[in-house]
Amino acid sequence: MRKSGLASLIPLYFIILIDNLSVSLIIPVLIPISYDADIGVMSSGGTSTRDLFYGVAIGSYSLAMFLGAPLLGALSDHFQRKKTLTLCLLGLALGYALTIWGLVSRDVALFVAGRVVGGLFSGSLPVAQAAILDVTPKERRVNSIGVIMFCVSTGYVVGPLIGGYLSDSTLVSWFSLKTPFIFVAGITLLNLLVLLVSFRETPAPRPAGRMAFPNPVKHLMESFTFSGVRVLSAALLLMSLGWTAFFQFIGLYLTANEGFDQRGVTNLISVVGVGLAASFLSLVPLSMKYLKPQIAVAGALAVMTVCIAGTALTGSRIALYALCLVGAATYGISYSGLVGMMSAAVDDSHQGSVMGTAGAIAAISAGLSGVVFGIIDGSSALPIFSAAVFVLLGFLVFAAARPGAATSHEEPQESVERTSAV
């Protein structure tokens, strides 16, 4: 292994940052894109049609990620990390270009196509993480994982700020709905140039034989055959469905029913990002150190259920911000604890499958919740209360099964350090 300084790894950390801010960037700006007849994509159409567009626009990105991430992983094994990351950045820039084109021409199909292309090439987090760890000495890997988690969390804080404020023409006259996408497309291409110039990866042996195209659906179903992972995967799926439904639709619900404007949604989603950052950077290690994993996860799921339901019941903005902050923090604990226990429940030869399962569950949950609730009634409180029900069901499945994997304090923490998906 060749040691690599921090400077040469900067483009890899930026890839992780860009990957994650792409997820949260769309939330505040998609509301005017979908519902403002003057500046949005659709000049006409009823609320149900706009709800459907909102759901498809937000869900198609994650569904495409679900399909694309395993293929990117396979490509990185056969054609090395740098080439695959170059492809990811080019694809992400192309997705933003199509999105901008769709906004300029007010073309719904082009806009959704941009979301799909961006999603297909956005699953670069595992590849970038592997590239970082490939060139990082073992004694420095814990520090590198800490920086990775910082980039993941920062993306969720910065993304909505970029989306909300760079599209606000009351701040700068030439800002528009296109500006956030132009900005992120620009830094994506700039990061590509820095990657090509500065990053030198260590040559690694390629897998024998021809590359097989992975089937993400088959892989996801096969992962449930591991006896120690089955119940944990079910709990993770239910919890992820709840969290993604909440994250995707809370801004739309508050805009349609509580009088929030774009700036209010922007600030709220950034608070959610702060909760995620606090959780992954400090609360997760502390909870796994001082509590048994089962207790930490069960407690976090219970609190998360109350927080999500409370956001649709409270009339106080202060209480709403507090509920979102705590809910995001408990999501971080729940996700990390469940994935850590899944990792500890299988041997080293199946770690890749389990981590792939966790990523697939997160992506398919976000895709399904976006599309389904967009079809049903995205503007109402239904997605929020449904989200609370999903998390509650996850809690009940987890609590009733009493999963016995990962009973020590140290083993799950080591497993959590191998993951970095939000």
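Me: Why is Ser369 called buried?

Reply: In this predicted model, Ser369 has a relative accessible area of 3%, and the label applies under 20%, so Ser369 counts as buried. Ser369 is found in helix H13, which covers residues 351-377.

Me: What makes the pairing of the side chains of Ser369 and Thr244 a polar contact?

Reply: The side chains of Ser369 and Thr244 are joined at 3.1 Å, and the cut-off for a pair of N or O atoms is within 3.5 Å, so the term polar contact applies here. The side chain of Ser369 also has a polar atom 2.9 Å from the backbone oxygen of Ser365.

Me: Which residues does Ser369 touch, leaving aside its neighbours within four places in sequence?

Reply: Ser369 is in contact with Leu241, Thr244, Ala245, Gln248, Phe249 and Gly374, where contact stands for heavy atoms within 4.5 Å.

Me: How do you know that the reach of helix H4 is close to what is expected?

Reply: Helix H4, residues 108-120, has 13 residues, and the distance from its first C-alpha to its last is 19 Å.

Me: What makes Asp107 a cap of H4?

Reply: A side-chain oxygen of Asp107 lies 3.0 Å from the backbone nitrogen of Ala109, at the N-terminal end of H4.

Me: Which residues of H4 are buried?

Reply: They are Leu110, Phe111, Val112, Gly114, Arg115, Val117, Gly118 and Gly119. Among the residues that line the largest cavity are Gly114, Arg115 and Gly118.

Me: Why is the space lined by these residues called a cavity?

Reply: The term is used for a set of points where a 1.4 Å probe fits but cannot get out, and this space is therefore classed as a cavity. The largest cavity has a volume of about 70 Å³, and the structure holds 2 cavities of 30 Å³ or more. Helix H3 and H4 each supply at least two residues of its lining, and H3 gives the most, with 4 residues.

Me: How much of the protein chain counts as buried?

Reply: Of its 422 residues, 56% count as buried, in a chain whose secondary structure comes to 15 helices and 0 strands.

Technical notes
Residues are numbered from 1 along each chain as its sequence is written. This is a predicted model: local features need pLDDT of at least 70, side-chain atom pairs count only at pLDDT 80 or more; totals for chains, interfaces and linings use all residues. Side-chain values use heavy atoms; hydrogens and water are left out. The expected span of a helix is 1.5 Å times one less than its number of residues. Buried means under 20% relative accessible area, exposed over 50%, partly exposed in between (1.4 Å probe, protein chains only). A polar contact is a pair of N or O atoms within 3.5 Å; within protein, one must be able to donate a hydrogen and the other to accept it, and residues adjacent in sequence count only if both atoms are side-chain atoms. On a 1 Å grid over the protein atoms alone, a cavity is a set of points where a 1.4 Å probe fits but cannot get out, and a pocket is an open set with protein on both sides within 12 Å along at least five of seven lines; lining residues have an atom within 4 Å of a point. Grid points are joined across faces, edges and corners, and a volume is the space filled by probe spheres set on the points.
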